[in-house]
Amino acid sequence: MYHDFNYEATLASSLRAQWQLDDVLREDQDLDFTRNFMPESLARTGALPSLNAFEQRTLNQIAAHEYLCMFGVVEEFILPFLLDHARPHLLEDDWRVRALLNFASEEAKHIHLFKRFHAAFVRGFPVEVPMIGPSKAIGDKILSHDPLAVGLVILMIEWMTQQHYLGSVKDDGDIDPLFKSLLKHHWIEESQHAKLDTLIVDALAEGRSEAEIDKAIDDVFAIAEFLDGGLKAQAAFNLDALEEVLGRKLEDRAEIEAQQHQAGRWTFIGSGLVHERFKATLQNISPKAAARLAEAAPIFA
Ligand SMILES: [Fe+2]
Ligand SMILES: [Fe+2]
């Protein structure tokens with residue numbers, strides 16, 4: 001077996017590691033808008049030579065706003081997916097049922113936490129930043145695909161949060177400590193989710209023919225393409241917001257927009273696609289599936 005994850009041990013780790021919303025951000029706490037919010041490895045705003053330091057930081061904060069909203073969106077479709085997966089097993093393995101319900105409950109808490117950060121952002125940021133949506137429509141579209149494809153996309157998302165936390169460790173001292181704490185606390189619980197989602201994906205793939213798995217991978221590509229369209233639209237919204245804050249049109253807007261779209265691709269897709277654990281699950285299901293996704297990974301780098 002390529003991993004030693006099981007429901008009982010993962011539930012025990014989850015219960016030990018659990019935190020409360022106020023441990024991360026109290027409702028009355030404000031973000032430090034004199035600092036970056038996102039690690040540079042994700043936001044890539046320090047790499048834009050035509051923007052001055054204030055402008056780079058403002059765009060970094062706008063990228064953080066996207067992060068809060070995007071995770072709000074994805075966690076909202078993870079929740080029904082989990083409940084659908086748990087429901088047929090309610091009378092079977094007690095550890096599985098408890099672990100999956102705890103997983104769902106933690107994701108509901110994460111939605112709550114991202115909303116709390118979003119409210120703090122809105123309180124402190126000078127303009128309203130538009131966001132793609134509505135999240136229910138995005139979630140319904142994603143959930144309309146093969147459950148194995150949805151499970152793989154969710155697994156990719158769970159593992160990518162580790163990459164995001166490690167990025168914030170590398171940028172130590174530069175980014176707002178509250179955002180750093182958000183990435184850290186999120187990863188602490190996601191690391192257990194990733195194990196459970198590995199078990200879910202294994203179960204969904206079991207007994208499928210190579211052709212059926214190939215079809216599910218087509219669906220993974222369809223979901224990635226759909227998400228990518230959203231990221232492209234969001235990059236345009238982000239640049240609208242930056243121009244509104246600066247009170248001027250950016251001469252090289254098209255270049256910046258494309259560069260920020262690429263940063264979003266890495267943050268929300270690529271950083272998960274290349275995670276070793278994600279690749280190991282794919283390899284176990286089908287070497288061909290692993291090769292297909294590895295081939296696409298550079299698009300999202
Ligand atoms: Fe989460
Ligand atoms: Fe999660």
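The site of the iron ion (ligand 1) is irregular, with angles of 53 to 174 degrees among its six donor atoms. Donors are N, O and S atoms within 2.8 Å of the metal (3.2 Å for Na, K and Ca); water is not among the atoms, so sites may look incomplete.

This is a predicted model: local features need pLDDT of at least 70, side-chain atom pairs count only at pLDDT 80 or more, and totals for chains, interfaces and linings use all residues. Residues are numbered from 1 along each chain as its sequence is written, chains are lettered from A and ligands numbered from 1 in the order written, and side-chain values use heavy atoms, leaving out hydrogens and water.

| Ion | Protein donors | Distance | Spacing |
|---|---|---|---|
| iron ion (ligand 1) | E75 (OE), E75 (OE), E107 (OE), H110 (ND1), H186 (NE2), E190 (OE) | 2.1 to 2.6 Å | E-x31-E-x2-H-x75-H-x3-E |
| iron ion (ligand 2) | E107 (OE), E158 (OE), E190 (OE), E190 (OE), H193 (ND1) | 1.9 to 2.3 Å | E-x50-E-x31-E-x2-H |

E107 coordinates both the iron ion (ligand 2) and the iron ion (ligand 1), and the ions are 3.4 Å apart. E107 lies in helix α5 and E190 in helix α8, so this pair ties together parts 83 residues apart in sequence. Helices are DSSP runs (H or I, at least four residues), numbered from the N terminus. Both E107 and E190 are buried, meaning under 20% relative accessible area with a 1.4 Å probe, protein chains only.

The donors of the iron ion (ligand 1) follow the spacing E-x31-E-x2-H-x75-H-x3-E. Here H110 in helix α5 (residues 94-124) and H186 in helix α8 (residues 177-205) link distant parts of the chain, 76 residues apart. H110 counts as buried because its relative accessibility is 0%. H186 is buried too, at 2%.

**Packing of the helices**

Two packed helices are described by the angle between their axes and the distance between the axes. For α5 and α8 the angle is about 155 degrees and the axes are 11 Å apart. That makes α5 roughly antiparallel to α8, a label for angles over 145 degrees. Residues in the contact (heavy atoms within 4.5 Å) include F103, E107, H110 and L113 of α5 and L182, H186, E190 and H193 of α8.

Terms used:
Tetrahedral: all angles 85-135°; square planar, octahedral: opposite > 155°, others 65-115°. Helix = DSSP H or I, 4+ residues; strand = E, 2+ residues; numbered from the N terminus. Buried < 20%, exposed > 50% of the residue type's maximum accessible area, 1.4 Å probe, protein only. Axes fitted to C-alpha atoms, helices over the stretch in contact; angles between N-to-C directions. Parallel < 35°, antiparallel > 145°, perpendicular 65-115°, else oblique.
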